[in-house]
Amino acid sequence: MSRAHTTMKVFGDRPVAAPVGAGDTTDDQRPTMAALRLYARACEAATAGITVSDCRRPDLPLVYANPAFLRLTGYALGEVVGRNCRFLQGPDTAQPGLVTLRAALRAGRDCAVLLKNYRRDGAPFWNELTMAPARDDDGRLTHYIGIQTEVTARVAAEAALHRANAELERRVLARTTALTAANAALAAAQYETLDRLARAAEARDDDTGRHTARVGATSALLARELGWPGAEAERLGRAAVLHDVGKIGLPDGVLLKPGRLDAAELAVMRAHTTAGAAILAGSDQAVLRLAEAVALTHHERWDGAGYPRGLAGDAIPRAGRIVAVADVFDALTHARPYKAAWPVAAAVAELTRQAGRQFDPAVVAAFLALHARRHRAGAS
Ligand SMILES: Cc1cc2nc3c(=O)[nH]c(=O)nc-3n(C[C@H](O)[C@H](O)[C@H](O)COP(=O)(O)O)c2cc1C
């Protein structure tokens with residue numbers, strides 16, 4: 001029996017494989033033996049598994065295993081000493097921890113890995129293995145020390161947490177998707193309501209033409225042409241359909257009169273701006289606040305000669321200036337009880353003539369650019 005593999009009684013009655021050099025002792029080695037007993041006692045008392053393999057022999061056989069390792073794995077000491085520790089492993093020989101462990105063993109480095117292992121009775125457990133090389137006085141690798149800690153409960157808790165997180169993420173996504181759909185439905189319902197309100201207001205003087213819808217669409221296009229962000233331009237399109245909502249309260253005698261209005265009738269007609277603004281006032285919805293501004297100001301003129309307040313230039317909200325152009329163009333190019341539809345070219349000429357007078361020149365320029373592009377696209 002070689003010195004490295006004799007057994008000795010280190011603590012109590014339990015035989016363990018003797019550490020290297022712990023064979024026969026002389027008197028002057030006694031203090032060393034006392035220290036060794038103490039260290040062995042520490043290993044025996046540890047709650048983590050502690051194992052030592054001999055690196056100088058082929059296949060790294062175990063020369064020491066503490067009681068905690070035997071309790072953890074279910075093996076008896078005699079069943080493990082002299083064997084490579086891979087008896088703890090199952091079919092998964094390519095698990096990531098093992099790949100790391102093999103590389104560390106080849107390089108003589110320390111490492112800490114998580115391994116799926118199996119007890120003697122076949123029950124699996126998770127083993128957090130810390131490996132440390134031990135060297136002799138000449139720096140030669142002689143042993144490897146392994147410390148095994150069971151972390152099955154932790155791994156299970158982490159897996160449960162992972163599953164719970166994944167489930168939570170799934171639910172949040174489902175809720176967000178549902179909310180997004182609900183928001184979209186709500187916005188669609190809101191816009192449809194605005195549109196139907198606009199239809200109700202125009203039903204008496206334009207029951208088929210859908211003037212309001214066309215003014216809305218043209219206003220949105222003009223806003224885009226003037227550089228408004230997409231969402232704001234779309235909002236203006238939605239708001240603009242309500243520009244004449246105040247006409248809902250006009251008496252038939254004024255609204256439907258085929259001939260010229262006298263001064264009193266004109267005043268009643270003009271009041272549709274303030275009446276519309278009053279209907280829409282006080283909302284905290286951006287689209288309705290915009291609609292209120294449009295209803296109030298779409299008959300103001302750039303030169304200050306418009307109504308109801310005679311605002312001029314930049315004092316007129318931009319939304320009102322845009323809708324004014326869209327409104328007049330649509331009114332000119334469609335028939336009314338008191339006038340025929342103008343040809344588009346004549347209406348465009350009229351807008352051009354009114355740039356800087358009735359209309360904001362920048363809005364007219366945007367209209368002309370848009371019109372020219374549409375004309376070219378239509379011609380090609
Ligand atoms: C001291 C020591 C303790 C070890 N402890 C374990 C262990 O608890 N569980 C395990 O799966 N492998 C353990 N190993 C690793 C295996 O014994 C083996 O060396 C490793 O799987 C590489 O061999 P292989 O290429 O045949 O897989 C230990 C190795 C040493 C040197």
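## Close-up views of a predicted model

**View A. Residues that meet between helix α10 and helix α11.** In this predicted model, the residues Thr 273, Thr 274, Gly 276, Ala 277 and Leu 280 of α10 meet Leu 288, Ala 291, Glu 292, Ala 295 and Leu 296 of α11. Sorted by class, this contact of α10 with α11 has 6 nonpolar, 3 polar and 1 charged residues.

**View B. How helix α10 and helix α11 pack.** Two packed helices are described by the angle between their axes together with the distance between those axes. Helix α10 covers residues 272-280 and helix α11 covers residues 286-297, and the two pack at an angle of about 170° with their axes 7 Å apart. Because angles over 145 degrees count as roughly antiparallel, α10 is roughly antiparallel to α11.

**View C. The shell around the ligand.** There are 19 residues around the ligand, and of these Ser 53, Cys 85, Leu 88, Tyr 144 and Gly 146 come nearest. The elements that each give two or more residues to this shell are the strands β3 (49-54), β5 (111-118), β6 (124-135) and β7 (141-150), along with the helix α4 (96-107). Of the elements, α4 gives the most to the shell, with 4 residues. When the shell around the ligand is sorted by class, it has 9 nonpolar, 8 polar and 2 charged residues.

**View D. The two domains of the protein chain.** The protein chain is divided into domain 1, which covers residues 3-158, and domain 2, which covers residues 190-379. The C-alpha centres of domain 1 and domain 2 lie 88 Å apart.

Methods:
Residues numbered from 1 in each chain as written. Predicted model: local features only at pLDDT ≥ 70, side-chain atom pairs only at ≥ 80, totals over all residues. Domains from an automatic or database assignment. Near = placed C-beta within 6 Å. Nonpolar A, V, L, I, M, F, W, Y, C, P; charged D, E, K, R; others polar. Axes fitted to C-alpha atoms, helices over the stretch in contact; angles between N-to-C directions. Parallel < 35°, antiparallel > 145°, perpendicular 65-115°, else oblique. Contact = placed C-beta atoms within 7 Å.
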